[in-house]
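User: I have a protein model open and have never looked at it before. Can you walk me through it?
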Amino acid sequence: MTERFDAVVIGAGIIGTSIAFSMSKAGWRVLVVDPLAGSGQGATSSSVAMVRTQYSTLEGSALAWEGFHCWQDWSGFLDLESDEPVAPFHPAGVLTFKTANNGFLEHQLGFSRQLGIPFEFWSVARLQSLFPSWDLSSFGPPVISDDADFGARSDAELETVFFPKGGYCPDPQLAAHNLQRAAEQHGARFRFGEAVTGIDKKDGHVSAVTLSGGEQISCRVAVNAAGPHGQNINALADPDGKQRIRTRVVRHEVAHLRCADAATSDASRIMLYDTDIGGYIRTDTGDSILAGSLGARGEVELAADPDDFDRNLSPQSIEPLYRLAQRIPTLGIPNTLSGVADLWDVSDDWIPIYDCTDVAGFYMAIGTSGNQFKTAPVVGELMTALISACEQGTDHDQDPISFRLQRTGHEINLGFFSRNREPNPASSLSVLG
Ligand SMILES: Cc1cc2nc3c(=O)[nH]c(=O)nc-3n(C[C@H](O)[C@H](O)[C@H](O)COP(=O)(O)OP(=O)(O)OC[C@H]3O[C@@H](n4cnc5c(N)ncnc54)[C@H](O)[C@@H]3O)c2cc1C
């Protein structure tokens, strides 16, 4: 054994780097290991990185609201001593609709009121003045293009809700790199180009991890933040391990195309979560946009092997654009699509698992289900609280710890994220969480 650390964080995505930052700030001697060449080069690098607050659970909304406060003062959050560039955050409101598939936002609006998250109801006339070329008919429920109902309008009027507090980070990989630098400032170390291949135990407690080169690193704590590889890491620690909530790996595709009419007439930044057509968009550079699916009847989930998956867009990737063209009739659909295909690490109920495990000293922050970039800064803090409490003897399974969100003042019971919870019936069972 060459080195000793208090904790090894497995994976340097936005989740692992955030955990490393928070733990090292709290005094832990942390090593982060990742087989890639740098931080944030896994799924994080492809993230659309939109920060919104409307979730179908109170805890999900509270975490996202706290996350928003971290992103809107990213430099302050990092508190870097060096003057290296930090990832920008572009404030942008979230435009969405009350539709049957989101329960007409009843719960989301209730939670927003409870948490003090502002929102506004917009008339169709107001929306039309902002987007003069859009077709504001109601087309839902969302269906794929060869469905007989595709393109059919209903008489229902679109009911618009606008959440002014949101935004996006146009460089999610840089954000992870920033967290790496912030963690290093507090003594954390990073090793790239090496994978964790073994998790060793002594007297039932984590004692070391083994790296792909054969080296053993002594540690009392190992944290699984391996995203789409999360199940592989769990198997290293506890091959026969059982947990009620499982995770699976799903490909998600995002198209990149030009669309001048996605811009607002008053030049304000808006992100669209169009639950009526089943798609989302946000602006990118110039008049280009990023667009993806929020789910539609007939859409097939694309299962993937994290060690061998196709990074090319599938024929299905054009489907959300066909639906988007209902809303924005001037949208030109290119003959050849460009964009990214990357992985979501999806839990059974699309709510992450932030928890201890049956192996003392082994923790996991996985199952981020395509919706946890925004919360990552807070996930580091809550995992640090959870790990510290457990290592001091708290039985989190029996007596789940409560965590205070320091910027917004709300308190959440971390049992909500348990690996052994019943699948949460309130979940949208979609990327919306
Ligand atoms: C296309 C796309 C769009 C998205 N859009 C949004 C959005 O708009 N808003 C939002 O909030 N969220 C969004 N998400 C989700 C969000 O980006 C993810 O939840 C988040 O990036 C996951 O981070 P992670 O650190 O868990 O995973 P990753 O970034 O994948 O990091 C895991 C790391 O673990 C490493 N690893 C794997 N095996 C090992 C091993 N054996 N040893 C050591 N390390 C290992 C990997 O190399 C990788 O770097 C999106 C995701 C995708 C893919």
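User: Is Asp 79 buried or exposed?

Analyst: This is a predicted model. In it, Asp 79 counts as exposed, because it has 11 C-beta neighbours inside 10 Å, and 12 or fewer is the cut-off for exposed.

User: Where is Asp 79 in the chain?

Analyst: Asp 79 sits in the loop between helix 3 (74-78) and strand 5 (90-91). Its phi is near 55 degrees, a positive value in a residue other than glycine.

User: What about Ala 267, what is its phi?

Analyst: Ala 267 has a positive phi of about 65 degrees, and it is not a glycine either. Ala 267 is in the loop between strand 15 (247-258) and strand 16 (270-274). With 6 C-beta neighbours inside 10 Å, Ala 267 counts as exposed.

User: Now peptide bonds. Which kind is the one from Gly 140 to Pro 141, cis or trans?

Analyst: That bond, from Gly 140 to Pro 141, is cis, with omega near 0 degrees. Most peptide bonds are trans. Pro 141 belongs to the loop between helix 5 (124-130) and strand 8 (160-163).

User: Let's zoom out. How many helices and strands does the protein have?

Analyst: Nine helices and 24 strands. The radius of gyration is 21 Å, close to the 22 Å that the globule rule gives for 433 residues, so the protein is as compact as a globular protein of that length. Its C-alpha trace spans about 65 × 45 × 45 Å along the principal axes.

User: And how much of it is buried?

Analyst: Buried residues make up 48% of the 433 residues. As for contacts with a separation of 6 or more, 73% are between residues 24 or more positions apart.

User: Back to helices. How do helix 1 and helix 6 pack?

Analyst: Helix 1 (residues 14-25) and helix 6 (residues 172-185) pack at an angle of about 20 degrees, with their axes 8 Å apart. They are therefore roughly parallel to each other, since an angle under 35 degrees counts that way. Helix 1 passes helix 6 in a left-handed crossing.

User: Which residues make that contact?

Analyst: From helix 1, they include Ile 14, Thr 17 and Phe 21, and from helix 6, Pro 172, Leu 179 and Gln 180 are among them. The residues of the contact of helix 1 with helix 6 divide into nine nonpolar, four polar and no charged.

User: How does helix 1 sit against helix 9?

Analyst: Helix 1 and helix 9 (residues 376-391) pack at an angle of about 50 degrees, with axes 7 Å apart. Helix 1 and helix 9 are therefore oblique to each other, and the crossing is right-handed. Residues that meet there include Ile 14, Ser 18 and Met 23 in helix 1, and Val 379, Glu 381 and Met 383 in helix 9. By class, this contact has nine nonpolar, four polar and one charged.

User: One more pair. What is the angle between helix 2 and helix 4?

Analyst: About 55 degrees, with the axes of helix 2 (residues 58-71) and helix 4 (residues 106-115) 10 Å apart. That pair is therefore oblique, and helix 2 passes helix 4 in a right-handed crossing.

User: And which residues meet?

Analyst: Leu 58, Ser 61, Ala 62 and Trp 65 in helix 2 meet Gln 108, Phe 111, Ser 112, Gln 114 and Leu 115 in helix 4. They come to five nonpolar, four polar and no charged residues.

Definitions and conventions
Residues numbered from 1 in each chain as written. Predicted model: local features only at pLDDT ≥ 70, side-chain atom pairs only at ≥ 80, totals over all residues. Axes fitted to C-alpha atoms, helices over the stretch in contact; angles between N-to-C directions. Helix = DSSP H or I, 4+ residues; strand = E, 2+ residues; numbered from the N terminus. Parallel < 35°, antiparallel > 145°, perpendicular 65-115°, else oblique. Left-handed = near helix turned anticlockwise from the far one by under 90°. Contact = placed C-beta atoms within 7 Å. Nonpolar A, V, L, I, M, F, W, Y, C, P; charged D, E, K, R; others polar. Rg over C-alpha atoms; globule rule 2.2 N^0.38 Å. Buried ≥ 20, exposed ≤ 12 C-beta atoms within 10 Å, placed from the backbone.
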